[in-house]
Amino acid sequence: MNGTVGNCSVPSAEYQYYFFPVVYILALVVGLPGNLAALYVFTFRITPRTAFSVYISNLALADIAILCTLPFKIHYHLNRNNWVFGDVTCRITGILFFANIYMSICFMTCICVDRYMATVHPHTYLRLRSSWCSLVVCVVLWCVVVMAMLVFVLMGPLETNADKSGSHSCFENFAKSEWNKRLAVYSVLSLIFGSLLPSVIILVCYPLAARRISMIRTKTAQKAVRVIYIILAITLLCFLPNHVVYLLHLLRRIDIIQSCSAANAIHNARRVTMALVILNTCLDPVLYYATTSHCKWKQVKMTKRLWGRVRRRRGVYTIAVS
């Protein structure tokens, strides 16, 4: 499916019809069980509730929201980028997909701040460690995203005619008028508040914080260092490439970058970085497991094992009776 960006023709990228479904299926198979388990453990098994567990629960919830949109996207790409679910579904799934990407990095930033305060400023943290503070932060973030989504949805269709064959694209191949009307403003705001500020905090402030925290020889401090390093790795691998390429994409759409060869390179790079950003849903469960006490996870495993033994014994008893 060919498209146009400005005066440039964007070549058909056949690989995306297979590349995206493979990545999305991997994310569903690995990421969905891991995030559902984390949501259960940190919401119902961690007591008392802490700011850390609240942020982890919300990060898992944001990942689950992204993953729930993937079946639609898998069908879209397998159908050669032809959207058949209607404009309303396109708006909802598309905005959920992108909004929760920014929510994920915001919650990661909150986790880093929480670990930093707990270790470097423990006296201040003791006064603010109530889960109510973190709940307020999470509610504010969700409210901002929901309001932005509602405004964006109510501003008009996002499903566009892609070519003369009658195929419809969803959340891509937007006309220049659409960019001028709403997409440019939203893209700039998203890049500043959803990408730039969280990335600066994570990539600049927290290596310095990790260096200071690593000097503290306590289990809490060492756990905080692991949290920060894992989030740094996820940010560098999954989020930062997407943010950089999206910035270039924005510059191309507002005609600051005018080279057609650059436009084609950015077009292909967007496909790769969108796949990388989805893979963070597979890596986040590693963060949940590696940076918290394993006792709750062990309890869940033991419960499953005991239930399995009970079922096996019932099966043996039934056979013996019969």
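Buried means under 20% relative accessible area, exposed means over 50%, and partly exposed lies in between (1.4 Å probe, protein chains only). Keep that scale at hand for the tour.

This is a predicted model, in which local features need pLDDT of at least 70 and side-chain atom pairs count only at pLDDT 80 or more, while totals for chains, interfaces and linings use all residues. Residues are numbered from 1 along each chain as its sequence is written, and side-chain values use heavy atoms, without hydrogens or water.

**Stop 1**

Select Arg-80. Arg-80 sits in the loop between α2 and α3 (87–120). Helices are DSSP runs (H or I, at least four residues), numbered from the N terminus. Arg-80 is partly exposed, because its relative accessible area is 39%. Check the backbone too: phi of Arg-80 is near 55°, a positive value in a residue other than glycine.

Now select Asn-81. Asn-81 is also in the loop between α2 and α3. Phi is positive here as well, at about 55°, and Asn-81 is not a glycine. Buried or exposed: which is Asn-81? Asn-81 has 2% relative accessibility, so it counts as buried.

**Stop 2: Ser-53**

Go to helix α2 (residues 51–78) and pick Ser-53. Ser-53 is buried, because its relative accessible area is 1%. Show Phe-42 and Ile-46: Ser-53 is in contact with both (heavy atoms within 4.5 Å), leaving aside neighbours within four places in sequence. Ser-53 and Tyr-288 are 235 residues apart in sequence, yet 9.5 Å apart in space, C-alpha to C-alpha.

**Stop 3: Thr-109**

Move to helix α3 and select Thr-109. Thr-109 is buried, with a relative accessible area of 8%. What does the side chain of Thr-109 reach? The side chain reaches the backbone oxygen of Ile-105, at 2.8 Å. Beyond its neighbours within four places in sequence, Thr-109 is in contact with Pro-198, Ile-201 and Ile-202.

**Stop 4: α1 against α8**

Display helix α1 (residues 16–45) and helix α8 (residues 260–278) together. Their axes come within 9 Å and cross at roughly 10°. Axes are lines fitted to C-alpha atoms, for helices over the stretch in contact, and angles run from 0 to 180 degrees between N-to-C directions. That crossing makes α1 roughly parallel to α8, a term for angles under 35 degrees.

Colour the contact residues. On α1, select Gln-16, Phe-19, Phe-20, Val-23, Tyr-24 and Ala-27. On α8, select Arg-271, Val-272, Met-274, Ala-275 and Ile-278. By class, this contact has nine nonpolar, one polar and one charged residues. Ala, Val, Leu, Ile, Met, Phe, Trp, Tyr, Cys and Pro count as nonpolar, Asp, Glu, Lys and Arg as charged, and the others, Gly among them, as polar.

Technical notes: Helices (H or I, at least four residues) and strands (E, at least two) are DSSP runs, numbered from the N terminus. Angles under 35 degrees count as roughly parallel, over 145 as roughly antiparallel, 65 to 115 as roughly perpendicular and the rest as oblique. A polar contact is a pair of N or O atoms within 3.5 Å; within protein, one must be able to donate a hydrogen and the other to accept it, and residues adjacent in sequence count only if both atoms are side-chain atoms.
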